[in-house]
Amino acid sequence: MNHTVGTREEWLVARKQLLEREKELTRLSDELAEERRQLPRVRIDKPYTFETNEGTKTLAELFDGRSQLIVYHFMHGPNTPEGCLGCTFATDSFNGSEAHLNAHDVTFVLASRSPLETLNAYKRRMEWSIPWVSSGATDFNRDFSAWTEEDRRNGTGWNFGSPSGAWVDVVNDQELMALSAFVLEESVVYHTYSCYDRGTDALNSTWALLDRAPKGRAEGAGREWPLRHDEYAHAEATP
Amino acid sequence: MSAFVSEDNVVDHTYSAYARGVDGLWGMFQWLDRAPWDATKRAAGTDCTTSTTTKRPEGDDIPALARS
């Protein structure tokens, strides 16, 4: 792609035009956030249990005394025993936000199907602080990807059946990547929001930084990327 | 934030953003935008530094750091 080199004055004119478009997006993003909060809430009565470093917990107990819960469904389970690269890349970006979220009445956890000790070992390797729970043999992850019985039969549940999400094979029990949000009111848990695929794109600030770098995401550049953050040195040493 | 590119030993400035232009870089705001409650309401009115831009039409011009 060819780029022009301009004067500072030319850059300022073009940048101010772009600023108007960016402001449009910011305002639209605020409107969308409000619309997310206007979705109907769905009462959750299924007795899910989770293995945590504080013992077995129910879904309501995962809130940890707060009124809101966000779960990032991390692909670490029977079909991805090494932990998904994309989820690992994303979690590098999330890690550290939990203190701010907790202080804002939001509990934030990762949930995966691998055993707790496996998750703890990977978390230590990645040097993450974020709480990570095992949903183990429960239906939790599956229930929040396949919404109807038909979804379960034909595997179209993930991302509400969007064709672009077809790479997740729900029928064959593949792990899923998703965000689910819940609210706790008078001891009742309600599901409020879920997103998948590029719906989680904005949560990863590394993408947002690349979108402001001169050469952008440069996907398809040929290099294997992303890797786990402790694997780049090795990858560079062995081209 | 400012972005630069280096080509043939020449550095060119490519991009700069300010205020809510860096909103997307703060992962925490993106999470709060997906939480059940309005993140801006709880903080509003507690002191001037916690009022957030979504409540104010002129908010694009408030530095992001002043919102935390």
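This is a predicted model: local features need pLDDT of at least 70, side-chain atom pairs count only at pLDDT 80 or more; totals for chains, interfaces and linings use all residues.
Helices here are DSSP runs of H or I at least four residues long, and strands are runs of E of at least two.

View 1. Chain B carries 2 helices and 2 strands. Follow the sequence and they turn up in the pattern β-β-α-α. Of its 68 residues, 29% count as buried. Take the contacts in chain B between residues at least 6 apart in sequence: 32% of these link residues at least 24 apart.

**View 2. Where chain B meets chain A.** Here 33 residues from chain A and 28 residues from chain B make up the contact. The largest share, 5 residues, comes from α1(B). Sort the chain B side by residue type and you get 14 nonpolar, 8 charged and 6 polar.

**View 3. The buried side of helix α3 in chain A.** This helix spans residues 85–94, and its buried residues are A:C87, A:T88, A:A90, A:T91 and A:F94. Why do they sit on the same side of α3(A)? They cover an arc of only 165 degrees around the axis, so they end up on the same side of α3(A). As a rule, an α-helix has 3.6 residues a turn, so residues three or four places apart point the same way.

**View 4. What covers α3(A), and what follows the helix.** The cover over the buried residues of α3(A) includes β4 (68–73), β5 (106–112) and α5 (116–126) of chain A, along with α1 of chain B. Just after α3(A) comes A:G96, with a positive phi of about 100 degrees.

How values were computed
Residues are numbered from 1 along each chain as its sequence is written. Chains are lettered from A and ligands numbered from 1 in the order in which they are written. Two residues are in contact if their C-beta atoms, placed from the backbone, lie within 7 Å. Ala, Val, Leu, Ile, Met, Phe, Trp, Tyr, Cys and Pro count as nonpolar, Asp, Glu, Lys and Arg as charged, and the others, Gly among them, as polar. A residue is buried if 20 or more other C-beta atoms lie within 10 Å of its own, exposed if 12 or fewer, and partly exposed in between; C-beta atoms are placed from the backbone. The arc is that of the directions from the helix axis to the C-beta atoms.
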